[in-house]
Amino acid sequence: MPADSALPPAPDIVRSAYGTLVVTDLAEARHFWVDLVGFVVTEEDSSALYLRGYDELTHHNLIVRAGPVAAAGALGFRVRSDSDLARAEAYYAALGCRTQRLPAATVRGLGEVVRVEDPLGFLVEFFASAAHPERLQQRYDLRRGAEVARLDHFNISVPDVPKAQAYYAGLGFGLSETIEDEQTVYAAWMYRKQTVHDVAFTGGGGPRLHHLGFFAHEAHSVLRMCDILGSLSLESHIERGPGRHGVSNAFYVYLRDPDGHRMEVYTSDYYTGDPDHPVLRWSVHDPRRRDFWANPVVPSWYSDASVVLDLDEAVRPVTELAQTAEVTVGADGFTAPSPAPPE
């Protein structure tokens, strides 16, 4: 990767905006994402669903489309203006990455899009303009499921966390929290909007999408989602939680869709907009980092993630972890810490 001084200006990224999931049964996926979790359908056809949360004022937060293999498609970032699309093309060309400029409406509901295979192997899309559907923030009568408000972040599995952190720092992302020790950074959380993260890195085989994180306004939405699944005998969709993370302070639950794609419903993170925002560095030996309180972490949370597609719609090969695995160092998270003996 060229030194930052040799690169043209990076695009001005506003926020993470949408994720794309390829599913093998669109009807089954619709039942999960719409009927159970409660996403709003902005548009749909026989091959794809364009979904959003109740706070979202652009066309979609999530594209679910049919395909032969379950995989993650493009991760969408909104940029500040149309000029940032040209910046994206120049920036990624200087990095030696493949790019495509897509005409308006190629991605439904969006203006022109620049699609990129980024240096980490992920398919990323940048857009500056989007259609604005009906405002639904106060349509409480329509809310269902987890009452998801908006997409908040992407969590991606990468074989080299410091490399991923350096790449996103070059795009102007701030650093909010890490898991580390004296030798290694095992995970990192980075942001453009003024919350804990727009993207986070989980050390593991990659490129793979670990999960899409969706924000809900209140903790009861997380619990309500669990109650709905339990009442329908669908509790097997709950992979981990509910609980509270140490990192980000999020109150959360992780769900798996019928194809195994992972989503997080969460609330309660914090403001990161001060220019001198201090990084919170968690020790890998601190058992509270992954769960401030909750049941122990399940092994699948570390091992499973969605493969990703390239510009040609082929599944990208997975490179195994190049650094020490977090679960092999310090507190593994699989067992609850023993209570302190009475004095």
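Predicted model: local features only at pLDDT ≥ 70, side-chain atom pairs only at ≥ 80, totals over all residues.
A pair of aromatic rings is described by the distance of the centres and the angle of the planes. In this model, the count comes to 20 aromatic pairs. One of them joins F77 and F173 in an edge-to-face arrangement, with 6.0 Å from centre to centre and 80 degrees between the planes. This pair links distant parts of the chain, as its members are 96 residues apart: F77 belongs to strand 5 (residues 71-79), while F173 lies in the loop between helix 3 (161-170) and strand 10 (174-180). F77 counts as buried because its relative accessible area is 1%, and F173 is likewise buried, at 6%. Y91 and Y92 also pair edge-to-face, with their centres 5.4 Å apart and 80 degrees between the planes; both of these tyrosines are buried.

Turning to the cores, the largest nonpolar core has 66 residues, of which W33, F126, I156, Y168 and F201 touch the most other members. Helix 1 (residues 26-36) gives the most to this core, contributing six residues. With neighbours within four places in sequence left aside, F126 is in contact with residues including I13, F77, L85, Y92 and E112. A second, separate core holds 11 residues, among them Y18, I63, V107 and F127.

Finally, a charge meets a ring at W301: the charged end of R240 sits over the ring of W301, 4.6 Å from its centre.

Key:
Residues numbered from 1 in each chain as written. Heavy atoms only, no water. Phe/Tyr/Trp six-rings, centres within 6.5 Å; stacked < 30°, edge-to-face > 60°. Helix = DSSP H or I, 4+ residues; strand = E, 2+ residues; numbered from the N terminus. Buried < 20%, exposed > 50% of the residue type's maximum accessible area, 1.4 Å probe, protein only. Lys NZ or Arg CZ within 6 Å of the ring centre and 35° of its normal. Core = buried A, V, L, I, M, F, W, Y, C linked by side-chain atoms within 4.5 Å. Contact = heavy atoms within 4.5 Å.
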